[in-house]
Amino acid sequence: LQTPPTVKAARLFLCNDLLYNSCAEVQNASSYRTKLESKLADIVINLKATLDEIKTHTAREKFKSQVLGCLRAWREWNVYSPDYLAQLDIIFAGGKSKEVDVDEVDGVPLDVDGVPLAKDVDGE
């Protein structure tokens with residue numbers, strides 16, 4: 001966490017530009033998207049740790065806005081699947097793992113008509 005938040009934000013914007021340009025109709029442009037995807041969860045974990053270290057409210061909110069703005073742009077551009085972007089949102093919001101638990105939302109079990117869903121929903 002020794003890198004200043006402003007530098008981390010600048011690097012995130014660089015990733016953002018790469019992802020935007022990875023949608024171009026140019027040979028191998030999408031390879032940037034694939035390479036970044038394998039690293040983004042770790043990057044977002046680091047960005048969350050940086051956010052937690054920022055002392056002033058104004059600087060914290062600015063940094064948070066920059067990160068969330070990039071995540072929102074990636075969603076609008078359809079760069080990654082909605083599920084993957086939801087995982088990144090959860091990580092940045094303080095989620096503990098890189099995996100999304102599809103059996104619950106915010107600690108509340110998913111249910112249908114008031115009945116919790118069983119683990120074995122397909123009968124196997």
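Biologist: Why does Asn78 count as exposed?

Modeller: Asn78 has 61% relative accessibility; exposed means over 50% relative accessible area, buried under 20%, and partly exposed in between (1.4 Å probe, protein chains only). Asn78 therefore counts as exposed. This is a predicted model, in which local features need pLDDT of at least 70, side-chain atom pairs count only at pLDDT 80 or more, and totals for chains, interfaces and linings use all residues. Residues are numbered from 1 along each chain as its sequence is written, and side-chain values use heavy atoms, leaving out hydrogens and water.

Biologist: Where does Asn78 lie, and what is its phi?

Modeller: Asn78 lies in the loop between helix 3 (57–77) and helix 4, helices being DSSP runs of H or I with at least four residues, numbered from the N terminus. Its phi is near 55°, a positive value in a residue other than glycine.

Biologist: What makes Leu18 partly exposed?

Modeller: Leu18, found in helix 1 (residues 5–21), has 31% relative accessibility and therefore counts as partly exposed. Within the protein chain, buried residues make up 25% of the 124 residues.

Biologist: How do you know whether helix 2 is roughly parallel or antiparallel to helix 4?

Modeller: The axes of helix 2 (residues 30–53) and helix 4 (residues 82–92), lines fitted to C-alpha atoms over the stretch in contact, come within 8 Å and cross at roughly 25°. Angles under 35 degrees count as roughly parallel, over 145 as roughly antiparallel, 65 to 115 as roughly perpendicular and the rest as oblique. Helix 2 is therefore roughly parallel to helix 4.

Definitions and conventions
Helices (H or I, at least four residues) and strands (E, at least two) are DSSP runs, numbered from the N terminus. Axes are lines fitted to C-alpha atoms, for helices over the stretch in contact, and angles run from 0 to 180 degrees between N-to-C directions.
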